[in-house]
Amino acid sequence: MKQRIVHKSDPIVHASEPVTLLGGGEATECDLRDALALGPTCVAADGGASLAVAFDIALAAVIGDFDSINQADLDTIPAARQFHIAEQDSTDFDKALRHIEAPLVLAVGFSGARLDHQLAVLHVLAKYPERPCILVSPHELTFLCPPRIVLPTQAGDAVSLFSLGPVHGRSEGLEWPIDGLTFTPLEQIGTSNRATGTVVLEVDAPAMLAMVPRRLLAPLTQALVSRSEAPQHLAGAPVKSGAQWPARAERYTDPPQS
């Protein structure tokens with residue numbers, strides 16, 4: 001395969017609608033089909049390409065260091081759609097997400113198997129808050145909370161919150177409201193909360209993970225794509241309509257990759 005240069009800031013895939021990203025973890029055919037119905041452009045992160053090959057799904061790109069994809073599957077993908085990024089300072093999920101330019105990424109196959117892999121995936125969600133992404137698994141959806149989101153939950157639905165850094169916020173529709181709490185990973189978490197109806201969440205930092213029922217995939221996708229609901233105030237300050245998190249400051253500069 002002809003080598004190509006891929007820099008950290010170079011978009012590889014551009015889409016005006018959600019994109020489905022495949023990983024090499026656990027995934028069901030239902031997860032895959034539901035994601036593709038909302039994000040028809042499909043990209044694989046390294047070994048996730050095998051999932052696409054198994055279900056005969058055309059890939060717009062396969063991105064990664066290619067250490068977990070078998071050669072037989074790689075050979076079925078046109079060379080022009082293979083983007084080899086050799087550096088080992090980031091995961092394949094990181095490599096793929098940072099090179100997709102889309103309003104939302106639906107990530108399938110990034111749960112199950114090894115716990116260290118799952119923790120690394122959650123790290124990447126917080127690392128790129130400007131790139132909305134939903135982790136799709138058979139029973140739940142995980143995403144980084146935007147400044148405000150309205151969830152069409154029903155009474156009794158599980159709504160879990162877990163911060164990866166200091167976060168304040170407010171809520172409506174939770175059995176145990178989060179108003180006035182300071183969330184930190186080592187002191188205050190918010191797992192196993194319950195909805196009393198529609199839930200509204202507002203947070204003041206891009207560090208709060210939320211987990212909601214799997215059946216909310218379509219409305220959650222719409223909510224994260226539109227971001228049209230604006231609060232009157234967020235932590236005492238007005239928030240503009242369509243507010244979203246800015247990119248975090250760059251932590252390192254990648255050398256050219258082959």
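Which element gives the most to the lining of the second largest pocket, and with how many residues?

Reply: The element is α5, which contributes 5 residues to the lining of the second largest pocket. The model is a predicted one, in which local features need pLDDT of at least 70 and side-chain atom pairs count only at pLDDT 80 or more, while totals for chains, interfaces and linings use all residues. Residues are numbered from 1 along each chain as its sequence is written, and side-chain values use heavy atoms, without hydrogens and water.

The second largest pocket has a volume of about 270 Å³, taken as the space filled by probe spheres set on grid points joined across faces, edges and corners. A pocket is an open set of points on a 1 Å grid over the protein atoms alone, with protein on both sides within 12 Å along at least five of seven lines; a cavity is a set where a 1.4 Å probe fits but cannot get out, and lining residues have an atom within 4 Å of a point. The lining of the second largest pocket comprises 14 residues, and those nearest its centre are Gln-118, Leu-122, Leu-135, Glu-140 and Thr-142. Besides α5, the elements that supply two or more residues to this lining are β8 (133-136), β9 (140-144) and β15 (208-213). Divided by class, the lining of this second pocket has 9 nonpolar, 4 polar and 1 charged residues; Ala, Val, Leu, Ile, Met, Phe, Trp, Tyr, Cys and Pro count as nonpolar, Asp, Glu, Lys and Arg as charged, and the others as polar.

The helix α5, residues 115-127, also supplies at least two residues to the lining of the largest pocket, as does α4, residues 92-97. In the largest pocket, too, α5 gives the most to the lining, here with 4 residues. The volume of the largest pocket is about 470 Å³. Its lining is made up of 25 residues, with Gly-24, Asp-92, Phe-93, Phe-110 and His-117 closest to the centre. This lining divides into 6 nonpolar, 14 polar and 5 charged residues.

The largest cavity has a volume of about 130 Å³. Around it are 15 lining residues, of which Pro-129, Arg-131, Pro-132, Leu-144 and Trp-245 lie nearest the centre. By class, the residues lining the largest cavity are 11 nonpolar, 1 polar and 3 charged.

Apart from neighbours within four places in sequence, Ile-100 is in contact with Val-13, Val-19, Leu-21, Val-43, Val-105 and Arg-131. Ile-100 belongs to strand β6, residues 100-101. Because its relative accessible area is 3%, Ile-100 counts as buried; buried means under 20%, exposed over 50%, and partly exposed in between. Ile-100 and Val-43 are 57 residues apart along the chain, yet their C-alpha atoms are separated by 8.8 Å.

Ser-171 is placed in strand β12, residues 167-174. With 8% relative accessibility, Ser-171 is buried. Leaving out residues up to four places away in sequence, Ser-171 touches Pro-177, Ile-178, Asp-179, Val-200 and Leu-201.

Two residues other than glycine have a positive phi. For Asp-46, phi is near 50 degrees, and the residue sits in the loop between β3 (41-45) and α2 (49-54). Asp-46 is buried, with a relative accessible area of 0%. For Ser-192, phi is about 60 degrees; this residue lies in strand β14, residues 190-203. Ser-192 is exposed, at a relative accessible area of 53%.

The chain has 258 residues, of which 51% count as buried. Among contacts with a separation of 6 or more, 67% join residues 24 or more positions apart.

The average pLDDT of the chain, the predictor's confidence on a scale from 0 to 100, is 88, and 86% of the residues score at least 70. Over residues 228-242, pLDDT stays under 50, and the model has 22 contacts beyond four places in sequence for this stretch. Residues 251-258 also have a pLDDT below 50, with 21 contacts in the model beyond near neighbours in sequence.

Definitions and conventions. Contact = heavy atoms within 4.5 Å. Buried < 20%, exposed > 50% of the residue type's maximum accessible area, 1.4 Å probe, protein only.
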